[in-house]
Amino acid sequence: MQITNDEQTEFIRHESCPKCGSSDALAVYGDSATQEVHHGWCFSCQTFQKGDNVDGSYTNTPKRNSSSANLLDGEYNEIKSRGLTEETCRKFNYTTAIHNGEPVQVATYLDENGRPVAQKVRTKSKKFTMLGDAKAATLYGSHLYKTGKKLVICEGEIDAMTVSQVQGHKWATVSLTQGCSSAVKAMKNNWEFITKFEEVILMFDMDSVGQKAAQEAAATLPVGKAKIAYLPCKDANECLLQGKSAEIIQAIYQAREYRPDGIVVATDYRDVISEDDQASSVTYPYSNLNEIFRGLRLKEILLVAAGSGTGKTTFVKEIAYHLHQQGERVGLIMLEESNKRSLLSLVGTHMNKNVLVDRSEVTDDEIIEAFDDLFGEGRNPVYLYDHWGSSDVDLICQRITYMAKVLGIKWVFLDHISMLCTQMGGSSGFGSERLIIDYAMTKLRTMVQELDIGLILVSHVKRPDGNSGHESGGQPVRLNHLRGSSSLGQLSDGVIALNVDPDEPDSDIRHLHILKNRFCGATGYSGTLRYDRDTSRLVEEELAHLFEQEEDEETEEVQQTGDSA
C-alpha cells in the first residue's frame with residue numbers, strides 16, 4: 001500500500017514496543033517484499049522508532065479501512081490526548097497511521113455511495129493534508145445517518161466524534177470537510193441530507209470566526225430549521241477534556257433558533273402598534289389587483305406565473321413602470337433579455353409606442369427625449385444588473401443586497417427564477433432543479449425580510465397533463481403547476497397567474513387569477529387585460545377604449561396637420 005510520495009512503505013507486522021513494553025502496539029512499516037524495516041510507530045506510548053530499533057517476528061496485518069489504492073491504511077486506537085475511545089474512532093472510521101515517515105491521525109471521508117474517496121491527514125503539529133478526491137466527499141460521518149430529529153454539525157472531525165461520544169451516539173453528528181470557511185458551501189453541497197432532519201444544530205467554535213460562519217450557514221437553511229449551540233469552552237473537545245461533557249449535551253438542547261429578523265421585545269412596538277397596515281400607498285397599475293391585494297407591500301414576495309409567451313415580462317414591466325411613476329426606486333434583473341432591450345421597452349411604455357417592434361413611427365430624437373423624461377434629472381434612477389455570464393443564486397443575492405443597502409432600492413424585479421436556477425445546473429452541487437429552487441427561495445425569502453424590500457418574481461410553469469398547454473388556453477394555471485418546486489408557492493406572499501382566454505386562445509386577452517393571497521386570503525378571478533400591439537401595453541379591458549380613443553385623436557390630428565400643409 002503506497003502511503004508516501006517518495007517511497008513504497010507498507011505495514012508489515014505488529015511488534016512488542018521496547019519503549020513501553022506493550023506486547024503488540026508497535027506497528028512496523030517497510031517493504032513487504034524484502035521485509036526491510038523502515039520505521040515503527042507505537043500506538044500505546046505514541047513514539048516513533050527508526051528501522052534499526054525495530055526487530056521481532058511477523059504477527060498479523062491490520063484490516064484496511066479504504067478501498068482506494070491512493071488512501072492510507074491505519075489502525076483503530078483510543079486517542080487519549082483527545083479523550084476519544086477506540087469505539088468512537090471505529091464508528092467514525094478515524095485511524096492512526098504513518099504518512100511520509102511521520103505518525104498521523106486519519107479521518108476517512110466517504111462519497112454519496114458510501115465509498116472511501118478522501119482522507120484528511122493530521123500531523124502531530126496540527127498540519128493538515130487532504131488525500132484523494134475531496135470534491136466527492138460528503139460531510140464527515142454522514143454515512144452513519146439517513147434522517148432523524150436532530151443533526152449536530154461541527155467544524156471538525158474531533159469535535160463531531162466528541163459530541164457523538166458524550167451523548168452515547170444518540171443524535172446524528174457530522175462535521176464540515178474543510179472547517180468553518182467551507183460552511184456555506186457545505187450546506188449547499190449536502191442540502192438534501194441536511195434538510196431531512198427536523199432540527200439542524202450548528203455547534204461551531206466559540207471564536208468570532210466560528211460564530212460568524214455559524215450565522216452564515218444558518219442563513220442558508222430553511223427558516224426555522226437551523227439552531228446555533230453555545231459552549232462554555234472554545235469547542236466541544238475542549239469541553240470534554242475539561243470535564244464539561246454535560247455542558248455539551250445541554251448546549252444541544254438549549255441551542256437557540258436562528259432568526260434572521262432578530263428577537264425583539266413587545267414594548268418596542270408601542271409607537272407603531274396603532275398604525276394601520278391594512279392598505280399600502282404603493283399601488284398596482286390595475287384596479288382589481290389593488291382592490292383585492294390592497295396594494296404592494298414591502299417584505300413580501302409576489303410571484304407571477306404563466307405559460308411561455310403569454311406576457312409575464314410585459315406584465316411585470318407594467319408594474320415596474322407604474323412604481324417608477326409613483327416615485328419608487330426600482331431595480332431590474334431581467335435574465336432573458338439585455339438591459340438595452342429592457343430600457344427601450346420602458347421607454348416605449350412611456351411613449352405608448354411599440355418601439356421594440358416598429359420604429360417607423362418614432363425618430364431617434366423622440367426616443368432620447370422620452371428616455372430623458374423617464375430617467376433624467378429629477379427622476380428616481382432605475383438600476384439594472386448586467387447579468388451576462390454570471391447568474392448564480394448567491395451572486396444575484398449579493399447584487400440585490402447592494403441594490404437595497406447602497407442604492408436604496410425598495411422594489412426588485414427578477415425575471416425569471418426558472419432561468420436563474422437552470423443556469424446554475426450541475427455546477428451548483430445540488431443535483432436537481434427542485435433543490436436549487438428550494439435553496440434560492442429560502443435565500444430570497446430571508447433577504448426580503450432582512451432588507452425590507454418587495455420582490456416581484458417571475459416563474460415558468462410546467463406543462464399540464466394532456467396535449468393542451470397553458471399557452472393554448474387548455475388549462476388555467478394552478479399552484480401545483482409552478483415549475484420545479486412547491487417552495488415557489490409556499491414562500492411567496494402572493495401568486496398571480498396570467499391565463500389565455502380559453503374561447504379565443506389566439507387573442508390578446510389575458511385573464512388574471514390570484515392563486516395565493518397571504519394578506520387577506522381572497523383568491524380567484526381578478527380582472528381581464530388586453531395586450532395592445534400598437535402600444536405594447538397590457539391594459540385593463542374596461543380601460544382599453546381610452547387608448548383607442550387617444551390613438552384615434554392622434555391620427556386625426558396628424559391628418560388635419562397634413563391637410564393644412
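**Notebook: charges and overall make-up**

I counted the secondary structure and found 16 helices and 22 strands in the chain. I note that this is a predicted model.

I looked up burial next. Buried residues make up 52% of the chain's 565 residues. The accessible surface comes to about 26,900 Å², and carbon and sulfur atoms hold 46% of that. Residues 24 or more positions apart account for 61% of them.

I list 22 in the structure.

I checked R533 and D508. Their side chains meet in a salt bridge, 2.8 Å from N to O. R533 sits in the loop between β21 (524-532) and β22 (537-540), and D508 in the loop between β19 (494-500) and β20 (509-517), so the pair ties together parts 25 residues apart in sequence. R533 is exposed at 53% relative accessible area, whereas D508 is buried at 19%.

R115 is partly exposed at 48%, and D111 is buried at 10%.

In the bridge between E300 and R297, the closest N and O atoms are 3.2 Å apart. Here E300 is partly exposed at 23%, while R297 is buried at 13%.

I also found K150, E199 and K227 linked in a network of salt bridges.

Last, I looked at surface charge. D365, E366, E369, D372 and D373 gather in a negative patch on the surface. I placed E369 in helix α11, residues 364-375. E369 has 57% relative accessibility, so I count this residue as exposed.

Notes: Residues are numbered from 1 along each chain as its sequence is written. This is a predicted model: local features need pLDDT of at least 70, side-chain atom pairs count only at pLDDT 80 or more; totals for chains, interfaces and linings use all residues. Side-chain values use heavy atoms; hydrogens and water are left out. Patches are made of residues with over 30% relative accessible area and no salt bridge: like charges are joined within 9 Å, nonpolar side chains (Val, Leu, Ile, Met, Phe, Trp, Tyr) within 5 Å. Accessible areas come from the Shrake-Rupley method with a 1.4 Å probe; for residues, only the protein chains shown count as cover. A salt bridge is a side-chain nitrogen of Lys or Arg within 4 Å of a carboxyl oxygen of Asp or Glu. Lys and Arg count as positive and Asp and Glu as negative; His and the chain ends are not counted. The place of a charge is taken as NZ of Lys, CZ of Arg, CG of Asp or CD of Glu. Helices (H or I, at least four residues) and strands (E, at least two) are DSSP runs, numbered from the N terminus. Buried means under 20% relative accessible area, exposed over 50%, partly exposed in between (1.4 Å probe, protein chains only). Contact means heavy atoms within 4.5 Å.
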